[in-house]
Amino acid sequence: MLKTWIWMAILLGINWGGFIALLIRTMRKEGARAKEKQ
Amino acid sequence: MSQKDKFVSRWGFLAAAIGMAVGTGNIWRFPRMTAQYGGGVFILAYTCALFLWSLPLLMSEMAIGRKTRLGPIGGFRDLLGKNFTWMGAWLVSVCMLITFYYSVVTGWCIKYFTLAMSGAFKPGVDTGALWNAFHNNSWQNLFFHFLSISLCGFIIYKGIQSGVERVSKVMVPALFVFLVVAAVRAVTLAGAGQGLTYMFVPIWSKLGKPETWLQAFTQSAWSTGAAWGLLFTYSVYTSRKEDISQNCIMVGFGDQTAALLAGLAIIPTIFALSPDLESAHAAMESGNTGLTFISLAHLFPKMPAGFIVAPIFFLAMVFAAFTSLIAMVEVGVKTLMDANWSRKTSTLLVVAGTFFLGIPSAVFPSFLDNQDWVWGVALLVSGFFIILAVRRHGAERVRTELINPTADIKMGRWWSFIITYISPLIFLGLTGWWLYKGIIDNPKSWWKPFSSFTTMTIIVQWALLMVVLLLVNKALAKWVKRPPEEVD
């Protein structure tokens, strides 16, 4: 089962990790833009 | 373009674009393909496909749409010249031909949501018979087809801001929450570990098999919405300052995230609740509708809290299908609007056209299968036309003038290399393989144009469409007007 967990972490890490990292990046950028407008 | 026909926020655009990409294929095809083609190996190949085929195409579509401010027909005309208008029309035609039967498929999801809500999936119910009874009932299929396209038309009629953006901002986050709930329930079932192993641990012997790679690239091509003309159309409604590369990468990863969540919701459920391994394997190989509407519907009653999970799962399917259907219908509506027709008239025409031209798919299941086969593979040709457009305009020009100036994540020269040399090879490999498959799967009937899954039915229908579009090319180029000047 350890092998399963390791592969799960790698494959979900690449895909979900990529998605979440970009979400956070966009959130920060849009937050900064909103502050600038204010 | 009126201010109402623009996405108000980047989040609104992202929600609509991710909703466009995440469709039924993420839920009922990706888990099957993963199970069939080596688990982790398939997921790795699928991730490669995202970077080598889907992302370059999505970025190109968004770049052309944002630059020309026109749907695919006008976009190809203005970027490449009048002689190439028919290529944009091919993109729109293929998308619409898929829309005609996708509305029927969305209707199936709505029907199954209502069945789940009414508690129809009880222990001992023959879900195979239930599906067959519904599938062969033309009136019910027509009713749900009508319901799905009417609801979609109502949203499109409201416009981008009050319709598409508002609905996507609710449906897309909800879809992800529903998939998370279904996945958590599935992986916490006793015996789910076997399913997780099946899904994630790579079967390395499959790595060297061409079919694994071909299926992974095909899945990515169909699933991300690349070359459908959908992002092309949505990008017309974005600001000229909108970041192309980061938004497209988010759409790609968002699509894969949803697919993996669906895999986590389905594969462990099948392995934990099937009576034996043989039944689990049979369920995974029972086709899209077999897996979802028969096998899963049969297993939900055996699941603790299954009476809650079943409606959540089928509502997730409705939202996934519906947000994709909205994007498809918008392609047709935008095409008519480019010829100066009002949104109201365009929506009415596209909705009525989709309903009537979807009737054969709603009434004759074999017709739907045929259309899915012919126009699914045709999306690869659409991708090739986008590649040709980028090459003709200059891949480096597209990268440096259209993508990078407003991008947070700049694309390097490798982007131009991929779309110029790698993507055309992928097109040749995939299209050639599907046409070859049509022959080897039907050695005695591949030349028959009226059979569902033959190579000849593809060739004949593609040729017919291409001839028609070439004949009306000049008229189409005149028909689409110039986009109005806008203040950004």
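Thr26(A) counts as buried because its relative accessibility is 0% (buried means under 20% relative accessible area, exposed over 50%, partly exposed in between, with a 1.4 Å probe and protein chains only). This is a predicted model, in which local features need pLDDT of at least 70 and side-chain atom pairs count only at pLDDT 80 or more, while totals for chains, interfaces and linings use all residues. Residues are numbered from 1 along each chain as its sequence is written, chains are lettered from A and ligands numbered from 1 in the order in which they are written, and side-chain values use heavy atoms, with hydrogens and water left out.

Thr26(A) sits in helix 1 (residues 2–37) of chain A. The C-alpha atoms of chain A fill a box of roughly 50 × 10 × 5 Å along the principal axes, and of its 38 residues, 29% are buried. Setting aside residues up to four places away in sequence, Thr26(A) touches Arg10(B), Trp11(B), Leu14(B), Gln246(B) and Met250(B) (contact means heavy atoms within 4.5 Å).

Zooming out to the interface, 20 residues of chain A meet 28 residues of chain B. About 2,300 Å² is buried between the two chains, with carbon and sulfur atoms giving 75% of that (buried area is the accessible area, 1.4 Å probe, that two parts lose on being put together, summed over both). Asn15(A), Trp16(A) and Phe19(A) supply 26% of what chain A buries against chain B, more than any other three residues.

Two salt bridges cross the interface (a side-chain nitrogen of Lys or Arg within 4 Å of a carboxyl oxygen of Asp or Glu). Lys29(A) forms a salt bridge with Asp408(B), their closest N and O atoms being 3.0 Å apart.

Asp408(B) also turns up among the contacts of Asp243(B), as do Arg10(B), Met62(B), Thr406(B), Ala407(B) and Ile409(B), once neighbours within four places in sequence are left aside. Asp243(B) belongs to the loop between helix 11 (230–236) and helix 12 (244–273) of chain B. Asp243(B) is buried yet has no salt bridge, and the nearest side chain of opposite charge, Arg10(B), is 4.1 Å away (Lys and Arg count as positive, Asp and Glu as negative; His and the chain ends are not counted). A polar atom of the Asp243(B) side chain does lie 3.1 Å from the backbone nitrogen of Gln246(B).

Definitions and conventions. Helices (H or I, at least four residues) and strands (E, at least two) are DSSP runs, numbered from the N terminus. A polar contact is a pair of N or O atoms within 3.5 Å; within protein, one must be able to donate a hydrogen and the other to accept it, and residues adjacent in sequence count only if both atoms are side-chain atoms.
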